[in-house]
Amino acid sequence: MRQDFVLTCASCQTPFLWTPAEQRDDQEQPPLCPVCRHLLPAEGRRRGLVKFCSLRKHWGFITQPDGVELFFHRSALAPDEAWPLTEGELVEYAVEPSPRGPQAAALRRLLLTDTTTPPPGS
Ligand SMILES: [Zn+2]
């Protein structure tokens with residue numbers, strides 16, 4: 001009889017359950033926990049946290065998962081996204097080259113919390 005297995009996420013190292021129902025559906029042990037599977041960005045895109053956003057200068061920086069900071073300009077924000085971004089907000093973006101180095105493009109918020117809770121870091 002199948003039973004729960006405790007697996008360790010390859011991304012965040014958190015133990016998670018692999019249930020008998022999932023074992024029936026999955027061919028192999030899933031490498032990532034459900035949270036990381038949910039959080040994985042679309043192909044060609046990355047996710048990071050807004051580190052800084054200048055209202056006056058219309059640009060800011062994103063802290064990426066590898067710790068490298070990425071420049072963004074207000075024009076990189078998708079048209080339906082409100083300006084400014086807030087420090088600590090989770091965003092998804094593409095990276096494109098510019099004369100001054102890589103910068104964010106097609107920048108969007110990832111809304112994982114409702115608007116009544118303050119964003120992390122505030
Ligand atoms: Zn994980």
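Modeller: Pro 34 sits in helix H2, which covers residues 34-39; helices (H or I, at least four residues) and strands (E, at least two) are DSSP runs, numbered from the N terminus. The numbering of residues starts from 1 along each chain, in the order its sequence is written. The model is a predicted one, in which local features need pLDDT of at least 70 and side-chain atom pairs count only at pLDDT 80 or more, while totals for chains, interfaces and linings use all residues.

Pro 34 is partly exposed because 13 other C-beta atoms lie within 10 Å; on this scale a residue is buried if 20 or more other C-beta atoms lie within 10 Å of its own, exposed if 12 or fewer, and partly exposed in between, with C-beta atoms placed from the backbone. Although Pro 34 and Phe 16 are 18 residues apart along the chain, their C-alpha atoms are separated by 8.0 Å.

The chain around this helix holds 2 helices and 7 strands, in the order β-β-α-α-β-β-β-β-β along the sequence. It is divided into domain 1 (5-39) and domain 2 (46-109), bounds that come from an automatic or database domain assignment, and the C-alpha centres of these two domains lie 31 Å apart. The radius of gyration is 18 Å, whereas a compact globule of 122 residues would be near 14 Å; the quantity is taken over C-alpha atoms, and the globule rule is 2.2 Å times the number of residues to the power 0.38. Along the principal axes, the C-alpha atoms fill a box of roughly 65 × 35 × 25 Å, and buried residues make up 13% of the 122 residues.

Another local feature is Gln 13, in the loop between strand S1 (5-8) and strand S2 (15-18), which has a positive phi of about 65° although it is not a glycine. Most residues other than glycine have a negative phi, and most peptide bonds are trans. Gln 13 counts as exposed because it has 8 C-beta neighbours inside 10 Å.

The largest nonpolar core has 11 residues, including Val 50, Phe 72, Val 91, Tyr 93 and Leu 107; such a core is a set of buried Ala, Val, Leu, Ile, Met, Phe, Trp, Tyr and Cys residues joined through C-beta atoms within 7 Å. Strands S5 (69-73), S6 (90-96) and S7 (103-109) each supply at least two residues of this core. Beyond its neighbours within four places in sequence, Leu 107 is in contact with residues that include Phe 72, Leu 77 and Tyr 93, a contact being two C-beta atoms, placed from the backbone, that lie within 7 Å.

Strand S3 (residues 46-54) runs antiparallel to S6 and is joined to it by 4 bridges, and Gly 48 has Val 91 of S6 as its bridge partner; two strands pair if DSSP finds at least two bridges between them. S6 and S7 also pair in the antiparallel sense, over 5 bridges, with Ala 94 opposite Ala 105 in S7.

In the loop between S5 and S6, where Pro 84 is placed, the peptide bond from Trp 83 to Pro 84 is cis, with omega near 0°.
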